[in-house]
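Let's take a walk through a protein model together. Have a look at the picture first, and then we'll go through it piece by piece.

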Amino acid sequence: TRGFATSNIAVDGFTGAVGNTPLIYFKMLSEQTGSKIYGKAKFQHPGGSIKDRAAVGIFLDAEEKGHIKHGRTVVEGTAGNTDIGLAHVFRAKGYKCVIFMPNTQSQEKIDLLSMLSAEVHPVPAVPYKNLLNYNHQAREYAEKLENAIWTDQFDNTANVYAPVPVEHTKPLMSPFVCSHISGPCGTLAGVGRCLKEKNPKMQIWLADPPGSVLYKYVSSDGKLVEHGGSSITEGIVHGRITSNLGIFANDLSGALHISDEKLISMVYQLLDSEGLYLGTSSALNVVAAVELAQKLGKGSKVVTVLCNGAYQYQSRLFSKKWLESKVLGDAIPESLRK
């Protein structure tokens, strides 16, 4: 039978439309592994990504605490999709939004933010320890304004405690694997916390791309090693343990390191076999779900999240020239090369 993603009950604007996304069964990947692999379709949020929920959670928390008032400016530093979620939410609520981001972000993302009336400041892409990092620049900008708030997504634990409707995955209660979406790790820690409350034996795994410290941190029982290398993923390569992850880090079951070659291959496979047009964070999670299913053995069930679509990255992900410039041209499955 066909299941529908939404009910016939009217919701309150943009914020009311966030949530209640379907759980998608991956037929081909499940058959290949002998397991059942599912993805929560967070790309179906009204703003197009999983970060809509974080943005709503941050907004509601700030409103409840009296941190935002009419006429205030909201400032954030982000390299992922939180900027778009915040721009949607705060425009809907009548606030000005200012975004600081690394100048390596896709043009589609910058254009969308501009259409949402956000003021965008692309700045040099430097590590967090550098004072010119986009996160520090956002904080300093907010401090200089009389009527502004810095939402601080990386260490604002409202990100973790944003409401998570666990009932959508409750029928499965399966091992969960997720990349540290956009660095803050709010989804990983938030969903993991809720699932662990339901079943303390639940396995929660982290998926990490090249250039991030978290795989080594989890695999070495808490040793923070300087990272090397880089990834094409936007917003999920991180060099520190955020307050959001700190809440849950000790409860993780393990970590998986996923290469750019594997996630690019999965982007094309999912489009070809499942008809799903997904971005790199989503593809990374699906690769990790497959590897975790293989690790757990046939008959296992694994759930992950599909963070976003490929619309904001199509000029890169589907450009042979761009992929070759990143030495990823051969990552496209041979049968799908044109």
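Which helix gives the largest share of the lining of the second largest pocket? It's H10, with three residues. Before we go on, a quick word on the ground rules: this is a predicted model, where local features need pLDDT of at least 70 and side-chain atom pairs count only at pLDDT 80 or more, while totals for chains, interfaces and linings use all residues. Residues are numbered from 1 along each chain as its sequence is written, and side-chain values use heavy atoms, leaving out hydrogens and water.

Back to that pocket, which holds about 300 Å³ of space. Of its 13 lining residues, the closest to the centre are Tyr268, Ile332, Leu336, Arg337 and Lys338. Helix H10 (260-273) and helix H13 (320-325) each supply at least two residues of the lining. Sorted by class, the lining has five nonpolar, two polar and six charged residues. (Ala, Val, Leu, Ile, Met, Phe, Trp, Tyr, Cys and Pro count as nonpolar, Asp, Glu, Lys and Arg as charged, and the others, Gly among them, as polar.)

H10 also has a partner: its axis comes within 8 Å of the axis of helix H11 (residues 280-296), and the two cross at roughly 95°. H10 and H11 are therefore roughly perpendicular to each other (that label covers 65 to 115 degrees; under 35 is roughly parallel, over 145 roughly antiparallel, and the rest oblique). On the H10 side, the contact (heavy atoms within 4.5 Å) is made by Lys262, Leu263, Met266, Val267 and Leu270. H11 brings Thr280, Ala283, Leu284, Val286, Val287, Val290 and Glu291. By class, that's nine nonpolar, one polar and two charged residues.

Now jump to H3 (residues 51-64) and H4 (residues 82-92), whose axes come within 8 Å and cross at roughly 50°. That angle makes H3 oblique to H4. Here Lys51, Asp52, Ala55, Val56 and Phe59 of H3 touch Thr82, Gly85, Leu86, Val89 and Phe90 of H4. This contact counts six nonpolar, two polar and two charged residues.

H4 packs with helix H5 (residues 107-115) too, at an angle of about 10° and with the axes 10 Å apart. So H4 is roughly parallel to H5. Asp83, Ile84, Ala87 and Arg91 in H4 meet Lys109, Leu112, Leu113 and Met115 in H5. Those residues divide into five nonpolar, no polar and three charged.

How values were computed. Axes are lines fitted to C-alpha atoms, for helices over the stretch in contact, and angles run from 0 to 180 degrees between N-to-C directions. Helices (H or I, at least four residues) and strands (E, at least two) are DSSP runs, numbered from the N terminus. On a 1 Å grid over the protein atoms alone, a cavity is a set of points where a 1.4 Å probe fits but cannot get out, and a pocket is an open set with protein on both sides within 12 Å along at least five of seven lines; lining residues have an atom within 4 Å of a point. Grid points are joined across faces, edges and corners, and a volume is the space filled by probe spheres set on the points.
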